[in-house]
Amino acid sequence: QVRVVESGGGLVQAGGSLRLSCTASGSIVRITTMGWYRQAPGKQRELVATITSGGITNYANSVKGRFAISRDNAKNTVYLQMNSLKPEDTAVYSCNTVAVLPSGVFGYWGQGTQVTVSS
């Protein structure tokens, strides 16, 4: 059993910053890729950023230069620092974790955290 819990969402004015956190816990041998995705009302879920266990990152073009993903492997935690936020960044942000368990490799989603950027 693996649990993925996000925190850090909220309401912020345009131009402001927020930092999201996501921690995975349970019978985890190790975690490979961790990532953040978002879904705005009426839109499909989209990738925001991912990071491998070795620290290789990947960003959506819409957030490059404004968002930064990082992780603490010892804590099974991934962070998303969001700066210069825009109203179009408003969405539910969800964390995805690819975990190696004794029984195999599985992907897990958190429950999501709401980010609202006012203009």
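Trainee: Over how many bridges do β4 and β5 pair in the antiparallel sense?
Mentor: This is a predicted model, in which local features need pLDDT of at least 70 and side-chain atom pairs count only at pLDDT 80 or more, while totals for chains, interfaces and linings use all residues. Residues are numbered from 1 along each chain as its sequence is written, and side-chain values use heavy atoms, leaving out hydrogens and water. Strands are DSSP runs of E with at least two residues, numbered from the N terminus, and two of them pair if DSSP finds at least two bridges between them. For β4 and β5, whose pairing is antiparallel, the number of bridges is five.

Trainee: Which residue in the turn of the hairpin formed by β4 and β5 has a positive phi?
Mentor: Across this pair of strands, Y37 has L47 in β5 as its bridge partner. The hairpin leaves six residues between β4 and β5, and in that turn a positive phi of about 80° belongs to G42.

Trainee: With which residue of β9 does R30 stand opposite?
Mentor: β4 also pairs with β9 in the antiparallel sense, over eight bridges. Looking across to β9 from R30, we find that the residue standing opposite is V100.

Trainee: Which strands stand at the edges of the open sheet, each with a single partner strand?
Mentor: Four strands, paired in the antiparallel sense, make up this open sheet in the order β1-β3-β8-β7. Because two of them have a single partner strand each, one side of each is left without a neighbour in the sheet, and these are β1 (2-7) and β7 (67-72).

Trainee: Which residue of β8 does S70 stand opposite?
Mentor: β7 is joined to β8, which covers residues 77-82, by antiparallel pairing over six bridges. Along this pairing, the residue of β8 opposite S70 is Y79.

Trainee: What does D72 touch, not counting residues up to four places away in sequence?
Mentor: D72 is found in strand β7, and G55, though 17 residues apart from D72 in sequence, is 9.8 Å from it in space, C-alpha to C-alpha. If we take contact to mean heavy atoms within 4.5 Å, and do not count residues up to four places away in sequence, then D72 touches T77 and Y79.

Trainee: What is the phi of N76, a residue other than glycine?
Mentor: N76 is found in the loop between β7 and β8. With a relative accessible area of 22%, N76 is partly exposed, a class that lies between buried (under 20%) and exposed (over 50%), using a 1.4 Å probe and protein chains only. The phi of N76 is positive, with a value near 50°.

Trainee: Where does S84 lie?
Mentor: S84 has a positive phi near 50°, although it is a residue other than glycine, and it counts as partly exposed at 39% relative accessibility. Its place in the chain is the loop between β8 and β9.

Trainee: Why is the pair of Y37 and W109 edge-to-face?
Mentor: Rings of Phe, Tyr and Trp (its six-membered ring) pair if their centres lie within 6.5 Å, and planes under 30 degrees apart count as stacked, over 60 as edge-to-face and the rest as tilted. Y37 in β4 (residues 30-39) and W109 in β10 (residues 104-109) are 72 residues apart, so the pair links distant parts of the chain. Their ring centres are 5.1 Å apart, and the pair is edge-to-face because the planes stand at 70°.

Trainee: Which residue lies over the face of W109?
Mentor: W109 is partly exposed, at 36% relative accessibility. At 3.7 Å from the ring centre, the residue that lies over its face is R45.

Conventions: A charge sits over a ring if NZ of Lys or CZ of Arg is within 6 Å of the ring centre and within 35 degrees of the ring normal.
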